[in-house]
Amino acid sequence: ERASALWALASKSQTAAPDASARLALTAAAMAAADKNTTLDKRALLQRVRAVLADPRVSRAAFAEIRNAAGSVPGYLTEAGSAERGALVQQWDRRLTQLAADSQLSRLDRIAATDARVALARLDSPKGPLPLALQTEVRAVTLRAERDVTDRYEREAVVFASSQVLADAGLLDESDAMLRAELKRSATPYYHMLGLASNARKRGDTPAALSWYEQAYATSQGPATRLQWGASYVRALIDLAPTDAERIERAARSVIGELTPTAETFHARNRSVLDRLGARLNDWNKDGRNDAALTRLRTQLGAICAQLPAQAPERSTCNDALTKKG
């Protein structure tokens with residue numbers, strides 16, 4: 001009952017720690033929005049959220065929560081078409097607009113604030129076009145960030161985030177143009193290839209999407225990154241071309257073939273990636289049609305697991321990786 005516990009903490013700390021209390025209240029609201037079984041006093045939550053949005057200093061302290069909750073909390077606290085929703089959305093958007101212009105925030109945070117405005121605008125019309133004024137603002141914010149950033153490391157993150165905002169705003173061609181231009185100068189172009197894959201997927205262009213996922217995997221660098229990008233490629237194949245068993249197995253064999261029998265291969269992020277990959281492969285085989293392919297993949301992984309010390313916990317993790325259910 002995390003939402004209820006956080007709301008209780010927010011209520012009791014409001015006087016002693018107003019900034020922390022605001023963050024707790026917004027997080028409680030976000031958790032409640034994601035869990036339909038949670039029962040909180042929506043009226044009290046709405047009043048509290050509006051009080052946070054009305055206070056510039058507290059809003060600044062709760063920036064991350066205001067940004068992250070924009071796409072869900074207003075829809076949870078108010079009814080579609082109601083005066084309450086209109087007032088809350090207007091107030092939330094006004095605060096996000098001010099935060100997006102706050103020079104004390106990083107470029108990435110200002111871009112994220114604009115992306116939150118897009119999520120807010122799509123609350124009652126997820127598939128509809130954005131207002132032209134907001135599209136214009138998205139273009140201005142993203143192009144200005146891309147133009148002004150000079151640090152090569154910051155640029156990688158800024159361009160990727162900017163292209164995502166353009167895509168979220170429905171400006172897929174402009175997102176593509178930004179990503180394609182960056183491929184030539186980026187030290188990590190495989191990040192931008194994933195953005196191009198996502199855009200192609202949104203268009204319904206399956207061949208292009210799979211081509212970009214494959215290129216992103218092929219050019220990725222570093223064992224953990226290659227595992228993550230390779231698993232993304234396999235999952236995309238399962239989603240978009242589930243009947244192409246040969247291609248799916250070939251891609252999965254490539255990913256498994258790069259695993260090394262060392263402890264770090266089966267911990268932390270790597271373990272999570274392997275568990276998700278196993279879950280998707282098992283879901284792909286839920287009717288038993290791909291039993292032979294999955295058996296071959298498990299045999300391949302088993303040969304790697306067998307090279308780990310017999311009593312090591314990572315050996316058990318390795319053996320379990322392709323047995324996870326979704």
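I began with Ala303, which lies in helix 17 (residues 291-305); helices here are DSSP runs of H or I with at least four residues, numbered from the N terminus. Ala303 is partly exposed, with a relative accessible area of 45%, where buried means under 20%, exposed over 50% and partly exposed in between, for a 1.4 Å probe and protein chains only. I then looked up Ala303 against Ala17, and the two are 286 residues apart in sequence and 55 Å apart in space, C-alpha to C-alpha.

I note that this is a predicted model, in which local features need pLDDT of at least 70 and side-chain atom pairs count only at pLDDT 80 or more, while totals for chains, interfaces and linings use all residues. Residues are numbered from 1 along each chain as its sequence is written, and side-chain values use heavy atoms, with hydrogens and water left out.

Next I turned to His192, which is placed in helix 12 (residues 189-203) and is buried, with a relative accessible area of 0%. Leaving aside residues up to four places away in sequence, I found that His192 touches Glu156, Val159, Phe160, Leu179, Glu182, Leu183 and Ser186, contact meaning heavy atoms within 4.5 Å.

Last I looked up helix 9 (residues 132-148) and helix 10 (residues 152-168), whose axes come within 9 Å and cross at roughly 165°; the axes are lines fitted to C-alpha atoms over the stretch in contact, with angles from 0 to 180 degrees between N-to-C directions. Helix 9 and helix 10 are therefore roughly antiparallel, a term for angles over 145 degrees. From helix 9, the contact is made by Val138, Arg139, Thr142, Ala145 and Glu146, and from helix 10 by Arg155, Val158, Val159, Ser162, Val165 and Leu166.

Definitions and conventions: Helices (H or I, at least four residues) and strands (E, at least two) are DSSP runs, numbered from the N terminus. Angles under 35 degrees count as roughly parallel, over 145 as roughly antiparallel, 65 to 115 as roughly perpendicular and the rest as oblique.
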